[in-house]
Amino acid sequence: MAEMTHEELTAKVMDLLEDVCGDDEVRRHMDDDLFGLDLLDSIAAVELLVGIEDEFGISIAPTEVPRNEMNTPDKIIDQVEKRL
Amino acid sequence: MTLFSDASFFILLAVAIVPAAVIGLTEHSLRHYGVVLSAVLVAAAFWGQPVQALGLVAYLVLSRCALCWLARDPKSERRFVAASLVTLCPLLVYKVSVVFSLSLWGFIGISYITFKGIQMVMETHDGLITRKDLGFEDWLYFLLFFPQFSSGPIDRSRRFAADAHGIPSRDEYAGLLARGILLLLLGAVYKMVIATLIHRYYSPTVWGTGDFGTELWAQVKTAYLYGGYLFFDFAGYSFMAMGASYCLGIRCPRNFRAPFIATDIFDFWNRWHITLSTWFRDFVFMRITRWLVRRKIVKGRVRVAQCGFLANMLIMGFWHGITIDYVGYGLFHGVLLAATEGIQKRSRFYKAHRHDLWFRILSWFVTLQLVILGFSIFSGQISMLVEGAING
């Protein structure tokens, strides 16, 4: 995975997010709180973590990242990128 | 001596705050002082109760060994399960033995020390706590920290250690100290004045022979008085614990946030005994739902959430105690959360009206009645009434 570019990673995370949120609306809110917009809830967040694990092979524990550091698409991409 | 209850404790606390203030205001670390003070006050709480003291020491030795053993190979599932069982063991032994009127391995603070121990085991397994974070003094300080020792709030070890190691500036500490003293006073008023006053009027009675309305009103009044008493007693205690923590430079998390203005049952659990509900969210609910999602055992997000809520609250009920009242209370809230999840995710009516003022007021009113009904299950009022009805 080392050769994955930022654009490829963004595309993959956004596909995953669209799938988890069930709404392509999420692509228009790169810097907005997805919990506040009702696009994510606690179960969707769990599905997102499991999805990230399946897709990228990285595991993020439930208490690893405070919610306010993983509540927007940009921040989610950033958290994944940090761990790759 | 009982922590946050006896006059002797408050005298000791008042005396102990003076050196803490001097150390904090001169920008020195309060950690060593906090450790010694906690050890002394916890020892005083166990004074004259050698069996309980032995139970605590045995717990500390066992859980320390299990945790260090896990930390050497944190990803090992076998070690994780074994360490979790060892850490849970005294609480399980105690809660089960109480059913048989034995109360084996019980000691003051057993529930709360177990929550803290399990958090460390889980986060060590998750790779968030490493061997270098498990220094003996830090570990002991976290577990024995006297303000949170007997009844919470349930702090988290990484957050706690960051505070314990940080040395706040003079101004920062002065702010903490002032807030700490205010919280101690506010908590004392809540617990010793308001809760005591309410308790004076609280006298549960069996269903009498009067007409239905009168009897129902008497029961409702009892349930409300109990709810009010429970809130002021526990929130008062929590504010005092928070205040004492602040005086020692530890920013103890808040436990209550006006729970009776909650507009739905989720909102209630974000406001009532917050450190317990967030502990359960992170270490029970999230783990169960993650497991269900991974294994694809339950289909559909709403169903997964509902199973998670039911299991979560049932476990919370069993934690309170293996009695019909406590388990019933857990089941009651599990069903309420599951039903609320279903309504909020599926009901078009809910989605169309949830922001309307009338709907919010109605939702608040219904939530409050359900919360009070829950307390009457918890207090044993409902089982007493049911028993009375059966026995005539």
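Q: What covers the buried residues of α1(A)?
A: This is a predicted model. In it, the cover over the buried residues of α1(A) includes α2 (42-56) and α3 (73-83) of chain A.

Q: Which residues of α1(A) are buried, and how do they sit around the helix axis?
A: Start with the general idea. An α-helix has 3.6 residues a turn, so residues three or four places apart point the same way. Now the case here. A:Val13, A:Leu17, A:Val20 and A:Cys21 are buried in α1(A). Viewed down the axis, the buried residues fall within an arc of 85°, so they line one face of the helix.

Q: Which exposed residues does the face turned away from the buried side of α1(A) carry?
A: That face carries A:Glu7 and A:Glu8.

Q: What should helix α1 of chain A span at 1.5 Å a residue?
A: Its 16 residues, 6-21, should span 22 Å. The end C-alpha atoms are 22 Å apart, which agrees. A:Gly22 follows α1(A), with a positive phi near 65°.

Q: At what angle do the axes of α9 and α15 of chain B cross?
A: Helix α9 (residues 212-247) and helix α15 (residues 357-378) cross at roughly 85°, and their axes come within 9 Å. The two helices are therefore roughly perpendicular to each other.

Q: Which residues of α9(B) and α15(B) meet?
A: From α9(B) come B:Ala223, B:Tyr224, B:Tyr226, B:Gly227 and B:Leu230. They meet B:Ile372, B:Phe375 and B:Ser376 of α15(B). By class, this contact has six nonpolar, two polar and no charged residues.

Q: How many residues does each chain give to the contact of chain A with chain B?
A: Chain A gives ten residues and chain B twelve residues. On the side of chain A, seven are nonpolar, one is polar and two are charged.

Key. Residues numbered from 1 in each chain as written. Chains lettered and ligands numbered in written order. Predicted model: local features only at pLDDT ≥ 70, side-chain atom pairs only at ≥ 80, totals over all residues. Axes fitted to C-alpha atoms, helices over the stretch in contact; angles between N-to-C directions. Helix = DSSP H or I, 4+ residues; strand = E, 2+ residues; numbered from the N terminus. Parallel < 35°, antiparallel > 145°, perpendicular 65-115°, else oblique. Contact = placed C-beta atoms within 7 Å. Nonpolar A, V, L, I, M, F, W, Y, C, P; charged D, E, K, R; others polar. Expected span 1.5 Å × (residues − 1). Buried ≥ 20, exposed ≤ 12 C-beta atoms within 10 Å, placed from the backbone. Arc of directions from axis to C-beta.
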